[in-house]
Amino acid sequence: MRETELLAAVPEGLFIGGEWRAAEHGRTLAVLDPATGEVIKEIADASVPDGKAAMDAACAAFPSWSRTPARERGELLRRAFDLVQQRADDLALLMTLEMGKPLAEARGEVTYGGEFLRWFSEEAVRVHGRYGANPEGTGRMIVTQHAVGPCFLITPWNFPLAMATRKIAPALAAGCTVVVKPAALTPLTTSLFVQILVDAGLPAGVVNVINTSQSGEVSAPIIADPRLRKLSFTGSTAVGQSLLEQAAQGVLRTSMELGGNAPFVVFEDADLDQAVEGAITAKFRNIGQACTAANRFIVHRGVVEEFTRRVTERVQSFTTGRGTEEGVTIGPLIDDRAVGKADALVSDAVERGANVRTGGSTIDRPGSFYEATVLSDVRPGSDILTEEIFGPVLAIVTFDDEDEAVRLANATEYGLVSYVFTRDLVRGQRMIERLETGMMGLNVGVVSNAGAPFGGWKQSGLGREGGFEGIGEYLETKYTLTPDPFG
């Protein structure tokens, strides 16, 4: 009954200009529960005219919102933070229903996602400029920061609340208005969150939401609109590259949080209890469906058997099932394509000589389930070492010295995050310098935090979300020179 009532309370329409409304052509989009494959709700499915209407609303609201005092913008975000805490159980259950993650993890995402609202409510009033004499002493330099303008935010399916708050909160704090396009697989959480923003006092047109099954067709005219000034996307590198090509035509400011292939390096002196705990968290959080998930476990030959034994025992203790069920630790993957990908990567690794320590198969039950898996002795050339797994598969390779570990860790076009476990802090400092990633966990398995700059190097993206750096992605710098007041 609680699930039925919650789903009924989620708005079914597009949110444009402060109103929930049907799609112009009356089309609807079916949202499925990945644990059962059943439709849980039908919602409006936007077309190109709906995207244009959303953009019109964001542009119309921008002059007023950008002039709204920073304190008022921050207080709105703070009210939204408080409301998210009050509705934490609803948001967590809704995420579990449409995405599949266990309820305990969904509650963790509510906490994490809410922190972006609190963080940027505080950053709204801390946008700085400067004033001072120019080097020649002939004038005074005034440097100011200004909202970049209307923004288009494209969020992924794997963290439907946190990715929405991580983009919307800094945009609103900076004075920008937005059009948000959530993933078609998990749009319901965004709709509920935007209703929470409305309840917190959101003015009409400041945030607009367009759910659509035709992402490319609807997004292209928005990106091409000369009024748009910022594009933020979280998703695959291939899609990000295509969006960057489109954004180049308008010379848009862009933030791209793209794919990852995170190395997890365990040295011979590591605290194995700590390393195993970190491995379980870094790999199986969100059922392995995270860009920050550890992809390649690079373990020193001297401890690889003990490490493998311990992680295998932990994985064998997992309970797989629908995320709403008590005690479940591994929920379904997002859809059958994700299951097929995980199975293909495991099959390729096994054919090349890897050993299956546990798991390694699809699960014969309704929904999109794959066994939590540990592979050891993964051979060079295996697809699983170069492709982002995005599933509950832990793949182990060995190394003999630090240089080899660094070479293996950096042997990828991606550079989002890395994890290193060692008791030698001097070695840890060297790894900070040597690993080609935008983030690193040193003896920890989770690095994400609202107060930290999230983002990667190489083909893992551009820009940063979170931290002091996050609001800067939505600001333009203006320099003004005035005459010397004493001249």
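A: A helix axis is here a line fitted to the C-alpha atoms over the stretch in contact, and angles run from 0 to 180 degrees between N-to-C directions. The model is a predicted one, in which local features need pLDDT of at least 70 and side-chain atom pairs count only at pLDDT 80 or more, while totals for chains, interfaces and linings use all residues. Residues are numbered from 1 along each chain as its sequence is written, and side-chain values use heavy atoms, with hydrogens and water left out.

Q: How do you know that H13 and H14 cross, and what makes the crossing right-handed?
A: The axes of H13 and H14 (residues 425-434) come within 11 Å and cross at roughly 35 degrees. A crossing is right-handed if the near helix is turned clockwise from the far one by less than a right angle, and left-handed if anticlockwise; the crossing of H13 and H14 is right-handed.

Q: Which residues make the contact of H13 with H14, and of what classes are they?
A: Contact means heavy atoms within 4.5 Å, and here Glu402, Asp403, Val406 and Asn410 of H13 meet Arg427, Arg430, Met431 and Arg434 of H14. Ala, Val, Leu, Ile, Met, Phe, Trp, Tyr, Cys and Pro count as nonpolar, Asp, Glu, Lys and Arg as charged, and the others, Gly among them, as polar, and on that scheme the contact has five charged, two nonpolar and one polar residue.

Q: What can be said in the same terms of H2 and H8?
A: The axes of H2 (residues 48-67) and H8 (residues 215-224) come within 8 Å and also cross at roughly 35 degrees, and H2 passes H8 in a right-handed crossing. Val48, Gly51 and Met55 in H2 meet Glu217, Val218, Pro221 and Ile222 in H8, and by class these residues are five nonpolar, one polar and one charged.

Q: How many helices and strands does the protein chain have, and why is it called as compact as a globular protein of that length?
A: Counted as DSSP runs numbered from the N terminus (H or I of at least four residues for helices, E of at least two for strands), the protein chain has 15 helices and 22 strands. Its radius of gyration is 23 Å, close to the 23 Å that the globule rule gives for 487 residues, so the chain is as compact as a globular protein of that length; the radius is taken over C-alpha atoms, and the rule is 2.2 Å times the number of residues to the power 0.38.

Q: What makes a space a pocket or a cavity?
A: On a 1 Å grid over the protein atoms alone, a cavity is a set of points where a 1.4 Å probe fits but cannot get out, whereas a pocket is an open set with protein on both sides within 12 Å along at least five of seven lines, and lining residues have an atom within 4 Å of a point. The largest pocket holds about 1100 Å³ of space, and among its 41 lining residues Trp157, Gly235, Ser236, Val239 and Phe390 lie nearest the centre. H9 (237-249) gives the most to this lining, with seven residues.

Q: Which residues lie nearest the centre of the largest cavity?
A: They are Phe159, Met163, Arg166, Cys291 and Phe454, out of 13 residues in the lining, which divides into six nonpolar, four polar and three charged.

Notes: Grid points are joined across faces, edges and corners, and a volume is the space filled by probe spheres set on the points.
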